[in-house]
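Reader: Could you take me through the strand arrangement and the nonpolar core of this chain, one question at a time?

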Amino acid sequence: MRPFAVLALCLAVAGTATFMPCLAAAGTAAATADVPFLVAVPATAKQDAANDARPDKTDRGTQAIMAATTTVAAAATAKQEPPHEARPDETGRGTPSAERCLYIPPGWADRVVYYHSFDTALDRPEINALGAKVALGDAALEAGLAGRGCRFAVDRKNKRGLALAGLALPLNRPWTLSMWWRLEEPMKAESGFQLLSMHGKGFMSNFVAGKGPWCALKEPTFVAQVYNWPGLSNVNDIYEGPAWVEPQVWHHTVLVVSKGSSVRVFWDGALKADLSLRGRLLTSNDVIASAEFGPPSPAHPMTIDEVMVLDVPLEADALRDYMTAVRNLAAVNAPVLGGP
Ligand SMILES: [Ca+2]
């Protein structure tokens with residue numbers, strides 16, 4: 001059974017939330033003081049129903065590594081747009097080329113603008129064409145999916161995740177955040193954790209919120225939010241179902257903004273949230289200044305690995321082929337970097 005199987009819409013949660021607004025900011029300030037992505041809002045505006053036309057969730061099993069990466073390359077190539085022009089430090093900083101990073105599909109190599117495998121150091125990405133300022137909450141290098149990963153414990157002073165600051169990503173262009181993660185301990189009904197978020201004047205995020213007063217949730221629930229962008233309707237998507245995850249199992253999550261109007265989240269290659277923004281289109285004046293990966297408080301002990309930012313929108317087929325290739329490479333302990 002797939003860990004992220006989308007269960008039926010929890011009518012009890014949705015029904016309760018519809019009639020019981022999420023607690024006002026005053027009531028949740030203590031719990032969310034260091035969780036800017038988690039906003040308490042009236043749950044009166046029912047979001048669009050879950051996308052019935054979600055991609056096939058069939059596990060493609062054990063394709064050969066080369067076959068999988070070739071397919072990924074072909075898929076990515078077919079969707080290519082002109083390369084992002086603002087890549088001043090793609091060379092000359094002593095970082096390896098994307099072609100040397102074995103866990104980056106060849107077809108994505110010139111689209112990856114940030115890559116962080118944690119195999120070298122916690123705060124030193126292999127590729128940082130964005131010139132991002134990297135900051136981490138308290139974390140440790142531990143066994144990851146590919147080589148070492150970044151382990152966040154709960155009991156730590158600085159509870160932030162991996163933060164990329166100093167960004168200037170205009171939202172009239174597509175951007176993809178990609179991360180592998182696993183929980184280190186079993187979930188409880190109250191468990192919640194942040195996965196991915198982008199921040200500018202507003203933010204876009206994906207996280208799991210647990211049982212509690214926030215939105216009257218009864219169990220861990222998938223949440224996608226788009227908030228505080230001037231001229232755009234806020235979206236608080238708490239309607240995609242429960243989000244129970246087994247510990248010690250690697251998962252893959254992607255947050256994609258594209259078309260100036262679309263925010264999508266894929267979990268393990270399956271489209272989980274498909275938000276169409278309303279009010280206006282995103283323009284070059286809408287800029288992502290920072291992005292965050294992993295769990296600030298309230299948190300769950302988690303390890304993250306293979307963090308990427310790409311300047312193209314990724315689709316389900318390519319993501320599933322990528323996942324197969326990465327799992328196969330990890331299964332044979334392929335090194336993070338190949339070549340000289
Ligand atoms: Ca790694």
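**Strand pairing and core**

Author: In β18, the residue that forms the bridge with L177 is V309. This is a predicted model, in which local features need pLDDT of at least 70, side-chain atom pairs count only at pLDDT 80 or more, and totals for chains, interfaces and linings use all residues. Residues are numbered from 1 along each chain as its sequence is written.

Reader: In which sense do β8 and strand β18 pair, and over how many bridges?

Author: Strands are DSSP runs of E with at least two residues, numbered from the N terminus, and two of them pair if DSSP finds at least two bridges between them. β18 covers residues 302–310, and its pairing with β8 is antiparallel, over 7 bridges.

Reader: Which residue in β13 stands opposite W175?

Author: β8 also pairs with strand β13 (residues 251–258), in the antiparallel sense and over 7 bridges. Within β13, the residue opposite W175 is V257.

Reader: How many residues of strand β8 are buried?

Author: A residue is buried if 20 or more other C-beta atoms, placed from the backbone, lie within 10 Å of its own. W175, L177, M179, W181 and L183 point one way from β8, T176, S178, W180 and R182 point the other way, and all are buried. For β8, residues 175–183, the count is therefore 9 of 9.

Reader: Which residues touch the most other members of the largest nonpolar core?

Author: A nonpolar core is a set of buried Ala, Val, Leu, Ile, Met, Phe, Trp, Tyr and Cys residues joined through C-beta atoms within 7 Å. The largest one has 86 residues, and those touching the most other members are V112, Y114, M179, I304 and V309.

Note on methods. A residue is buried if 20 or more other C-beta atoms lie within 10 Å of its own, exposed if 12 or fewer, and partly exposed in between; C-beta atoms are placed from the backbone. Helices (H or I, at least four residues) and strands (E, at least two) are DSSP runs, numbered from the N terminus.
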